[in-house]
Amino acid sequence: MTAPRRLHRLLGLVLLLPMLGWAATGLVFFLKPGYGAAYAPLTVRRYPLEAMQIAVPDTAWRETRMLRTVLGLHLLVRDGGGWRQVDPETSAPRPRPGADDVRRLVDDAIAADRARYGSITAVDGDTVRTSTGARITLDWPALTLSQRGRDTDRIDLLYRIHYLQWTGVATLDRILGAVGLAALVLLAAIGVRLAFPARRAAQPPR
């Protein structure tokens, strides 16, 4: 066996696992099974507003939003520092809710999809965990929710496999990625060389 063939076989064996991983994860990214639920938005449940007088807006406020949830009225204002909540009547900063209020707010939001979220099992600050393994995070200043489930974690794992993020160390993963791509290019180049060998120069007649 010639040296190019030995190198081609060696590279093929070394790249077998990464190539199988690229093919399998690429198929998942193409078909996107379960993506809808894994990355579905989750919002707080809103209730109809009633007419009321609010505090005189601050001149520094660039945008305001008024809404009602299971916790009552919320006045959201956006200024140079981003979104925050203030008291609708006094414009004083509204304190963050305690664990019981976080539970009430999130439980009201997930009530429409118990199949995915189940019931709340733990509240740790702004993070809520459910019986189905979902993790819900509350952004209190903007009054928004974000969710991650076991399916989200699996898809993210496939993403890391596909892009050779195997160690969790960014520098080392970049080196592995560069080496993997270089080996793949070399494998293809040797394959082309073996498939189309250079013709030998015509021997002069004796």
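Reader: At what angle do the axes of helix α1 and helix α7 cross, and how should I read such a value?

Author: Axes here are lines fitted to C-alpha atoms, for helices over the stretch in contact, and angles run from 0 to 180 degrees between N-to-C directions. Helices (H or I, at least four residues) and strands (E, at least two) are DSSP runs, numbered from the N terminus. In this structure, the axes of α1 (residues 3–14) and α7 (residues 170–195) come within 10 Å and cross at roughly 140°. That makes α1 oblique to α7, since angles under 35 degrees count as roughly parallel, over 145 as roughly antiparallel, 65 to 115 as roughly perpendicular and the rest as oblique. This is a predicted model, in which local features need pLDDT of at least 70 and side-chain atom pairs count only at pLDDT 80 or more, while totals for chains, interfaces and linings use all residues. Residues are numbered from 1 along each chain as its sequence is written, and side-chain values use heavy atoms, with hydrogens and water left out.

Reader: Is the crossing of α1 past α7 left-handed or right-handed, and which residues of the two helices meet?

Author: A crossing is left-handed if the near helix is turned anticlockwise from the far one by less than a right angle, and right-handed if clockwise. By that rule α1 passes α7 in a left-handed crossing. Contact means heavy atoms within 4.5 Å, and Pro4, Arg5, Leu7, His8, Leu11 and Gly12 in α1 meet Ala183, Leu186, Leu187, Ile190, Gly191 and Leu194 in α7. As a general idea, an α-helix has 3.6 residues a turn, so residues three or four places apart point the same way.

Reader: How do helix α2 and helix α6 cross?

Author: The axes of α2 (residues 16–31) and α6 (residues 150–162) come within 9 Å, with a crossing angle of roughly 135°, which makes α2 oblique to α6. The passage of α2 across α6 is left-handed. On the α2 side Trp22, Thr25, Gly26, Val28 and Phe29 take part, and they meet Leu158, Tyr159, Ile161 and His162 in α6.

Reader: Turning to the strands, in what order do β1, β2 and β3 stand in their sheet?

Author: Two strands pair if DSSP finds at least two bridges between them. Here three strands form an open sheet in the order β1-β2-β3, with antiparallel pairing. Because β1 (63–69) and β3 (82–86) stand at the edges, each with a single partner strand, one side of each is left without a neighbour in the sheet. From one strand to the next, the twist averages 25°.

Reader: How many bridges join β1 to β2, and how many link β2 and β3?

Author: Seven bridges join β1 to β2 (residues 72–79), and within this pair Arg68 stands opposite Leu73, while Thr64 stands opposite Val77. A hairpin of two residues connects β1 to β2. The antiparallel pairing of β2 with β3 extends over five bridges, with Arg78 opposite Trp83 in β3, and these two strands form a hairpin that has two residues between them.

Reader: Is β2 mostly covered or open?

Author: Buried means under 20% relative accessible area, exposed over 50%, and partly exposed in between (1.4 Å probe, protein chains only). Seven of the eight residues of β2 are buried, so that the strand is mostly covered.

Reader: What is the order of the strands in the sheet of β4, β5, β6 and β7, and on which strands does α4 pack?

Author: Four strands form an open sheet in the order β4-β5-β6-β7, again with antiparallel pairing, and β4 and β7 are the edge strands, each pairing on one side only. The twist in this sheet averages 20° from one strand to the next. Helix α4 packs on the sheet, touching β4, β5, β6 and β7, and its direction makes about 135° with that of β4. Four bridges join β4 to β5, where Ile120 stands opposite Thr130.

Reader: Which residues of α4 are buried, and what covers them?

Author: The buried residues of α4 are Val102, Leu105, Val106, Asp108, Ala109 and Ile110, and what covers them includes β1 and α5 as well as β4, β5, β6 and β7. Asp108 has a relative accessible area of 14% and therefore counts as buried. Leaving aside residues up to four places away in sequence, Asp108 touches Arg45, Tyr47 and Val70.

Reader: Where is Ala111 found, and is Ala111 buried, exposed or partly exposed?

Author: Ala111 is found in the loop between α4 (99–110) and α5 (114–117), and at 38% relative accessibility it counts as partly exposed. The C-alpha atoms of Ala111 and Arg45 are separated by 9.3 Å, although the two residues are 66 residues apart along the chain.
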